[in-house]
Amino acid sequence: MIFKKYISILFLASLFCALQAQDKVVPKYEYRAVWLTTIENLDWPRVLVKNPSDIARQKQELCVILDSLEELNVNTVLLQTRVRGDVIYPSAIEPFSHVLTGVEGKDPGYDPLGFAIEECHKRGMQLHAWLVTMPLGKDVHIARQGKMALSRKRRALCTHYRGAWYMEPGNPETADYLVALVDEIVRKYNVDGIHLDYIRYPDRTTGYPDASLYRKYGKGLSLGAWRRKNITGIARRIYECVKSVKPWVRVSCAPLGKYDNLSRYSSLGWDARNAVFQEAQEWMRDGIMDIIFPMLYFNGNNFYPFVRDWQENSYGRHVVPGVGIYRLVPKYGGWPAMEIKRQMHTSREAGTAGTAMFRTAHLLGNAGGGRELFEVVYRAPALVPPMLWHGTRPSAPVISESRRENHAVTFSWGKVAAKGGEPAIKYNVYAAVGDTVDTGDIGNLVAHSLSDTLFVWNCRTAEPLSVAVTAVDAYGVESEPAVALFAGNKALFETIHLPEPRSWGQRIELLDVHGRRLYFGRYSRSVGLHGLQGGCYILNVYDRHGARLFSRKVVR
């Protein structure tokens with residue numbers, strides 16, 4: 001008994017040390033997402049707009065939330081935009097949700113979605129419009145909507161089941177309706193993503209009344225295969241709609257946390273494919289989903305094997321496990337914070353594209369120490385992962401001017417043109433002491449998502465510096481860096497583009513006309529020559545063994 005206790009203590013100690021070591025590793029690219037829930041005013045808004053003065057209070061409430069999320073290095077907000085057959089923006093299709101004013105259909109006097117997008121972008125965060133697709137609400141909610149309820153206006157699109165109303169996946173016109181909603185949002189707003197929730201059949205389908213539709217449209221398929229085809233068809237139509245309007249907008253969904261039974265671990269009858277007819281892994285395989293946020297609000301063997309299953313079947317798309325931080329609250333399980341930390345690190349180790357927290361109020365309320373945990377694991381910023389399957393790498397910027405006065409570094413570059421119809425290129429700036437800067441190290445990121453092409457930075461050091469700028473397109477794909485090297489208070493280079501290195505470890509040497517070495521450092525494809533007097537200079541490139549590969553004369 002004593003031996004077993006000793007072994008347990010050793011295991012916990014080793015686990016703690018492993019997690020401590022993992023805390024020191026921060027990926028450059030990682031979704032740091034939260035679900036910001038509006039239904040029942042759970043996360044926001046708590047202040048209802050009863051009169052015009054309440055608008056400012058409701059807006060301020062959201063700003064406080066976003067400020068707190070920014071402090072925690074969150075970079076993606078999934079904002080519940082379609083609640084239950086109603087929305088939080090002025091729509092030509094569905095009424096305003098009562099969560100804004102307390103009255104269904106009442107205009108709050110401003111555009112909450114538009115405001116939220118603007119405020120997220122000010123803080124360098126993405127906003128994905130979260131749409132609850134199939135559920136329309138319980139009977140009491142439909143009664144509150146009255147004539148505005150979809151079940152009144154388009155009865156054929158709706159099914160009543162177990163005291164609630166749902167959009168009917170078996171009716172082909174359901175896809176048309178949902179596509180129209182998505183199209184409205186994507187065309188009207190500068191959203192970064194469309195996030196689909198409950199894109200599935202109800203939780204328990206025993207007795208679900210779709211027999212007549214199955215007879216009409218089943219065409220020889222089994223009932224399960226037909227239902228999966230219906231949901232997949234809706235997902236495909238929405239994806240194609242978004243990409244036809246703004247191909248850089250990310251499309252995601254939140255399937256059940258377990259896709260199917262695994263060879264060693266059972267889903268216990270609660271999985272996406274068989275219980276609610278979501279073929280979400282096939283959606284990644286078929287390229288009709290950019291991100292999957294599986295709702296893995298479990299622990300132990302109900303979490304870890306299933307995370308790896310999602311990632312191993314991601315087909316190059318992004319898998320972002322949904323972590324149930326609400327489980328830290330005693331009434332929802334009272335998990336220790338260490339369990340959430342393990343889940344976050346295990347997701348990283350599995351190669352996922354990040355994690356998403358459900359939900360915001362539990363995170364910011366520091367339930368069970370969750371916020372403190374977040375401050376450790378996400379202590380440094382991370383960039384939203386690029387959609388490499390859509391975008392092509394943009395051209396590198398060309399540095400036009402650079403100077404250093406004491407600790408102030410100022411440099412500018414020419415604009416990089418975006419491809420036709422795409423949003424303007426943004427820019428990231430990196431810096432490091434020495435003759436090189438690793439743009440793959442998030443610790444070297446000084447600023448990101450800049451719109452301006454002029455950057456002023458108080459570097460707080462007099463040592464030699466390397467400063468790099470990259471161009472980032474709407475898909476998040478980053479260019480090669482353009483690098484300016486600063487010695488003391490003077491920049492040595494302005495941009496010269498060199499060929500691909502022939503081998504690892506190449507070095508660059510700059511000589512003046514008398515053969516005196518002015519600079520010697522690591523090879524970069526984009527280096528500069530700035531701050532030097534007019535004249536002739538020699539640029540030599542050496543391999544890792546010191547053999548000169550080529551020499552170039554540079555005339556200023």
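Which strands does helix α3 (residues 112–122) lie across, and at about what angle does the helix run to β3? Helix α3 lies across β2 and β3 (126–132), and runs at about 145 degrees to β3. Axes here are lines fitted to C-alpha atoms, for helices over the stretch in contact, with angles from 0 to 180 degrees between N-to-C directions.

## Model and overall content

This is a predicted model, in which local features need pLDDT of at least 70 and side-chain atom pairs count only at pLDDT 80 or more, while totals for chains, interfaces and linings use all residues. Residues are numbered from 1 along each chain as its sequence is written, and side-chain values use heavy atoms, with hydrogens and water left out.

The protein chain holds 14 helices and 27 strands; these are DSSP runs numbered from the N terminus, helices being H or I of at least four residues and strands E of at least two. Of its 556 residues, 57% count as buried, meaning under 20% relative accessible area with a 1.4 Å probe, protein chains only (exposed is over 50%, partly exposed in between). Among contacts (heavy atoms within 4.5 Å) with a separation of 6 or more, 71% are between residues 24 or more positions apart.

## The sheet

An open sheet of 10 strands, with parallel pairing, runs in the order β10-β12-β13-β1-β2-β3-β7-β8-β9-β11. Strands count as paired if DSSP finds at least two bridges between them. The edges are taken by β10 (295–296) and β11 (318–319); each has a single partner strand, so one side of each lacks a neighbour in the sheet.

Strand β1 (residues 31–36) pairs with strand β2 (residues 76–82) in the parallel sense over 4 bridges. The bridge partner of Trp 35 in β2 is Leu 78.

## Nonpolar cores

A nonpolar core is a set of buried Ala, Val, Leu, Ile, Met, Phe, Trp, Tyr and Cys residues joined through side-chain atoms within 4.5 Å. The largest one has 128 residues, and Leu 69 and Ile 194 have the most contacts inside it. Helix α8 (residues 223–245) supplies the largest share of this core, 9 residues. A second, separate core of 19 residues includes Phe 411, Val 467, Val 469 and Ala 471.

Beyond its neighbours within four places in sequence, Leu 69 is in contact with Val 34, Val 74, Val 77, Met 125, Thr 360, Leu 363 and Leu 364.

## The loop between β15 and β16

Ile 425 is placed in the loop between β15 (408–413) and β16 (426–433), and is buried at a relative accessible area of 7%. Leaving aside neighbours within four places in sequence, its contacts include Val 416, Leu 450, Ala 471 and Pro 394. Ile 425 and Pro 394 are 31 residues apart in sequence, with 8.6 Å between their C-alpha atoms.

Glu 422 lies in the loop between β15 and β16. Its relative accessible area is 17%, so Glu 422 counts as buried. With neighbours within four places set aside, Glu 422 is in contact with Trp 248 and Tyr 475.

## Helices α12 and α14

The axes of helix α12 (residues 337–349) and helix α14 (residues 370–377) come within 9 Å and cross at roughly 30 degrees. The two helices are therefore roughly parallel to each other, a term for angles under 35 degrees.

Terms used
Angles under 35 degrees count as roughly parallel, over 145 as roughly antiparallel, 65 to 115 as roughly perpendicular and the rest as oblique.
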